[in-house]
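Open the model in your viewer and keep the selection panel at hand. The tour goes stop by stop.

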There are 2 protein chains.
Amino acid sequence: MNQPHVYAEHGFDLHFLNKYASLMAAGNGYIGIRASHEEDYAEQVRGMYIAGLFHRATPNDSNELVNLPDIVGMRIELDGEIFSLQGGERLAYQRELRLANGELQRSLFWRAASGKRYQISSTRCLAAAPLQLHLAQLTITPLDGAAKIRIATGIDATLTNSGRQHLDELSVRVFDQHYLQGHYRTLDGANEVIIGCCCRVPAHASSSFAAKNRRLMQYIEAEVEQGEAFSIEKLSWITSSLETYFCAETAAESALSALKRCAARPWHELVQSSDRQWQDYWSQRRVLVESASPQDQVALDFATYHLKAMTPAHDERCSIAAKGLSGEGYKGHVFWDTEIFLLPLHLFSEPRVARQLLRYRYLNLEQARAKASQNGYCGALFPWESAFSGAEETPEYAAINIRTGLRQKVASALAEHHIVADIAFAVVSYYQATGDEAFMCQEGVALLQACAEFWISRAVEVEGRLEIHDVIGPDEYTEHIDNNAYTNYLAHYNVRHAVEAMEKFGKRDAEFARQADDFLSRLYLPEPNAEGIIPQDDSFLSKPTIDLAKYKASQGSQSILLDYARSEVNEMQILKQADVVMLLFLRPELFDAEIAAANLDYYEPRTIHDSSLSKAIHAIIASRCQRAELAYRLYQEACLIDLGPEAHSSDEGIHAAALGAIWLGALFGFAGMSQQGEELHFWPSLPAGWQQMSFPLMWRGRSLQLAITRQALTVTLAGEGELTLFVQGKANRIAGTQTIALQ
Amino acid sequence: MNQPHVYAEHGFDLHFLNKYASLMAAGNGYIGIRASHEEDYAEQVRGMYIAGLFHRATPNDSNELVNLPDIVGMRIELDGEIFSLQGGERLAYQRELRLANGELQRSLFWRAASGKRYQISSTRCLAAAPLQLHLAQLTITPLDGAAKIRIATGIDATLTNSGRQHLDELSVRVFDQHYLQGHYRTLDGANEVIIGCCCRVPAHASSSFAAKNRRLMQYIEAEVEQGEAFSIEKLSWITSSLETYFCAETAAESALSALKRCAARPWHELVQSSDRQWQDYWSQRRVLVESASPQDQVALDFATYHLKAMTPAHDERCSIAAKGLSGEGYKGHVFWDTEIFLLPLHLFSEPRVARQLLRYRYLNLEQARAKASQNGYCGALFPWESAFSGAEETPEYAAINIRTGLRQKVASALAEHHIVADIAFAVVSYYQATGDEAFMCQEGVALLQACAEFWISRAVEVEGRLEIHDVIGPDEYTEHIDNNAYTNYLAHYNVRHAVEAMEKFGKRDAEFARQADDFLSRLYLPEPNAEGIIPQDDSFLSKPTIDLAKYKASQGSQSILLDYARSEVNEMQILKQADVVMLLFLRPELFDAEIAAANLDYYEPRTIHDSSLSKAIHAIIASRCQRAELAYRLYQEACLIDLGPEAHSSDEGIHAAALGAIWLGALFGFAGMSQQGEELHFWPSLPAGWQQMSFPLMWRGRSLQLAITRQALTVTLAGEGELTLFVQGKANRIAGTQTIALQ
């Protein structure tokens, strides 16, 4: 239990090929590599991506994360038979991802059509340091007589993003009959990628090399004795012009030198520095639960693993894609998911990373200002989807409607404006959790003010009060509505904190302050009605309801859209995810427990949870409302978004926000954590099956370790000095280790 | 025997997947479709091409025949198991291409991993008329209990040319819940392609449609009873902006209407007009042999089939690619192969097509003049490789040398100038065989003169005589040599015929005539030496020889280049194909039989036959020299270039010229045909195993049918009037049917 779990694939099944390629993907925040098998399968989608490396292939496409030339593929021929698990007979098969360090191992016994058996094992590992290094090992043992083994591997630049090619092949080289190097450039000339690799092969194997049709290949051939373990190691070095020290003139040479340096060292040495990085990562983040259901720990480890894999902690010009670096879904674009679902884990473990994710927005303020201005607003309107440039990447028009031939304007980029307030919310959280005044004074104030200016200009006056019209809240099944509760409350929060921060950091602007005060005093904030229900928007509560049981049963699949047009869904009380529940999550201080419960009870039956962001948040609110059973059921279901039995829902990558929500659910749900201003609160409520949960935490520069049982919360504060924690509403001064009894 | 052969695949083998995809490819001169299986295999390269539809994907590539969106693929799921011949058990498997009409049929029995058996058959046919129509049928019969069958098929635009994408997806549509249509444009905006399809499915099957990631798919699902033959028919209509009546505004609508019209007719009606076309084709071309080796007839039928499939007889702006329309080898470019190896079959069966192939050159005269001028010459220097524009498409630099990183200048485009004389030779042949004065007066004279002007400017004076320096003959293993016999003799022929034609058609140009006379009188024409050997070039005979047995044993693989650098090969008497033998083939009138024999004996042992153009020509000369056994052996080996057991040599397409040479070998070899000015000669020399050969022929507008036995040549002249044929050197006036005894 002290090591993060080993995540195992349950047998080989063609239907699950791409799901596991996503789930077991390697990543170090810079590079992501799908866990495709060495051998090819027709339906297998290979993928390697570099954070921030986007390109637009054709005028009808948008910028997308470029699928890079493949280094994983190995064509294996055993006595003339092409190895494939579709053919022959699988005698044993096991594949495991060590979440502790991202090592992917496969081990199998296979009987060829010829009747001869072979043992085939492979190990792959993308280093956590240096970020450019990938290691692969393949071992084949013929079990029935000697065998002629042929392996073809190298750098395969025939890969595309579903047929869209982004790279021009500048050069392919073989140095010293050993080192392969491919040099590529995006077709727009903006970025370069250099991929090098070399194979350590046994002395009795022969090698030849060839380049053709965008493939630079090494052909390895050997006669192998029965029982002899024939093993090759393939080292790859992947570098790009996004790296700080990339110099176009010398890059190819430097990349070659780096590869050579690695090739001079043994495997175990190469993985050491990577493993150390991973150990540090886990020590600062691992949530440990003693649960009657072992799957809870698997889910937490799985989520925590992927949070590292997906986060470009090395480069503030990049943020986290909706699918991380594990697939091409959403084209690698960045959404509000980052600030609301993914940033918290970093904020409470390594705040530098959270700061960097906010820096990404700060660096792109100009683009956000431009978008606001283009839309007739002031301040900054951050793009609904962004890539490297920070410009709006949501296609102006949705994919063509194949029945009408019409392309509908994409509503998200036009109206899903809450992202502006979400970013502001994350700025405030960051500042409160860290006290980072340097950041707040510069980036923080700039972001808050620009976002606040947007909201001020976005509001319209109706009979003396200010309203925000024609928006989409997080619930994308309800479009173009007025006074979305989530949006209005968060906009208000944004403007209030902008005023406060500007004041505090001596950046007061009289005109802004006047406008902001007016906004704050006159903005309509929907109050709970007589039944305690906060209306999601002006019209929602008056819309008809239908029985959603059928759609809830197939949640995540958007099956409602098979029965109803989007415009019809819009006119009913049908939620993809519940805005009000989301609001309760982010702003627990707004309403008391009774109101929260009333709203959960009202909105939960109306929510299909077709959004992967939905369920864990409902679990958190349920937990806060002491609906322990409901909370745990929703939480466990939320853990199944990637880990569940559905064969294809993760084909295009893991659900980054849903993974962040697994961590959120444990801490903000069951540990009852909440950040209230500069106060950190806990109101634990462990699920019935949990005996204990423990986790490390960073809070205002201090390192904590917490352990929660049903009876007590034990906290250890590292270092000197004291810190106040609020447990079940009571302030506790903590120094060293302290145990606080729970009521 | 009266029907063209059915060409059968010998079992299913992954290693041969792409060979058979080429060999069994469908083609109608406009469209070519590789014979990929319905289901996907990782190594399977799908391909559909339109003659003349080229595009350059990246700055480092050249124009290539665009691999179009796929219509052949069908993902078949049987009771949840994805059908693949790599899995389960093949109980029976048969695939046949009816050479008579291009119908491809597959029939198999398959046992799934579940143990359940299914019979699966499919038929596909690209219509010979209308050229845009493709028909496909799939029938699945569950043999062990009822089955749930799922089929996904549609239009898949994720295809690339080895990763190079040429098309932008403009629109994807589904009309009337039945007709799918994808509209694509080359990235340079120059060409459009519209692909439509629809599936006739049994009434109890359900269908749904989706478009995503460049795939427009129909999902067909049905519960099928045991023993029920579940059958779907898929009709496709493929149209492009290369068509004469293509109108950008109405094309999508017209294409849809055309598809609907087809869909309203039953299958047997749709194939009728196509089958008629094929019947006409065969009746004018089929060479029938009574041979002890049935493979001879297969090879002839196979070649004749592909000659139709590859020839864009509908469009004079296109010519024949080196791989026809069966694959991406040589990027779909046109070489001298067309005029020398492929044009003759058309010239002697449907001269209009030969004329059109020459018109292709005529239409591109400007580009050829530009190339000549860029290289400092007069007249027309036709490109070594050409595509649609007629500009030189040979990449300026060869593929990068992966060891040195250097790109060598491609010598062919710089020095393989004989193509100019080859085109002129074909012009003369065409005129002599048809007497088409209208053509000769316009296109013929223009081509002959422009080509002649090139040669005149290309010659250099050395001590009073004119020489042609620094060329490459057909033998590409000997580069940059002076006075290549093949080139000099053909250049001389070119200039002589230019002068004569200009004279005859009243287009005499005094200055040209003066220069031409000078050229003709002073051009050095290498004479046989004391041993009767015509030197291939100035230096060849003085170069050292080595034992070539090892390389001849692996002919076609260029294995010599594994042992020797190209520059070393250049300095030895090593031939890829023999220029002098080629010269003897084209200009039999130049030397007597003794000289021919001496040269065959000299050059044959020095020739590896690494060129697919080589062997059949040697067979022809051997036959003319009465080396019947050698001739037949070489001929049969030449027939194996595509049809032989090598697994991968045809992966990128059939060898068009080699197929043309199978026909050439039969007629110009064993029938002893030769065209001497306006005389048509026969000097038959059937192989020992042949009892008889017969074939139709067009000669000077007259339709002939010939039958040759060891004893006699019987000829039937259709229509009124007489015609002179030369048999064994003697003139015979033919009228009606006549039998001429052979000596």
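**Stop 1: the interface**

Across the interface of chain A and chain B, 20 residue pairs are in polar contact, both residues at pLDDT 80 or more. A polar contact is a pair of N or O atoms within 3.5 Å; within protein, one must be able to donate a hydrogen and the other to accept it, and residues adjacent in sequence count only if both atoms are side-chain atoms.

Before you select anything: this is a predicted model, where local features need pLDDT of at least 70, side-chain atom pairs count only at pLDDT 80 or more, and totals for chains, interfaces and linings use all residues. Residues are numbered from 1 along each chain as its sequence is written, chains are lettered from A and ligands numbered from 1 in the order in which they are written, and side-chain values use heavy atoms, with hydrogens and water left out.

Now select the contact residues (heavy atoms within 4.5 Å). Chain A gives 48 residues and chain B gives 47 residues. Together the two chains bury about 3,800 Å², 47% of it on carbon and sulfur atoms. Buried area here is the accessible area (1.4 Å probe) that two parts lose on being put together, summed over both.

Pick A:Gln86, A:Ile402 and A:Arg403. They supply 16% of the area that chain A buries against chain B, more than any other three residues.

**Stop 2: a salt bridge**

Select A:Arg75 and B:Glu43. They form a salt bridge, with the closest N and O atoms 2.7 Å apart. The term means a side-chain nitrogen of Lys or Arg within 4 Å of a carboxyl oxygen of Asp or Glu. Between chain A and chain B the count is 4 salt bridges.

**Stop 3: the symmetry**

Show both chains as C-alpha traces. A rotation of 180° with 0.0 Å of shift along its axis superposes chain A on chain B, at RMSD 0.0 Å. In chain A, the C-alpha nearest the axis belongs to A:Ala42, 2.1 Å from it.

Which surface do the copies use? They meet through the same surface, because 98% of the interface residues of chain A are also interface residues in chain B.

**Stop 4: B:Val428**

Go to B:Val428, in helix H9 (residues 418-434) of chain B. Helices are DSSP runs (H or I, at least four residues), numbered from the N terminus. Buried or exposed? B:Val428 is buried, at 2% relative accessibility. Buried means under 20% relative accessible area (1.4 Å probe, protein chains only).

Show its contacts: B:Val428 touches B:Leu448, B:Tyr493 and B:His497, leaving out residues up to four places away in sequence.

How values were computed
Least-squares fit on C-alpha atoms with pLDDT ≥ 70 in both. Helix = DSSP H or I, 4+ residues; strand = E, 2+ residues; numbered from the N terminus. Buried < 20%, exposed > 50% of the residue type's maximum accessible area, 1.4 Å probe, protein only.
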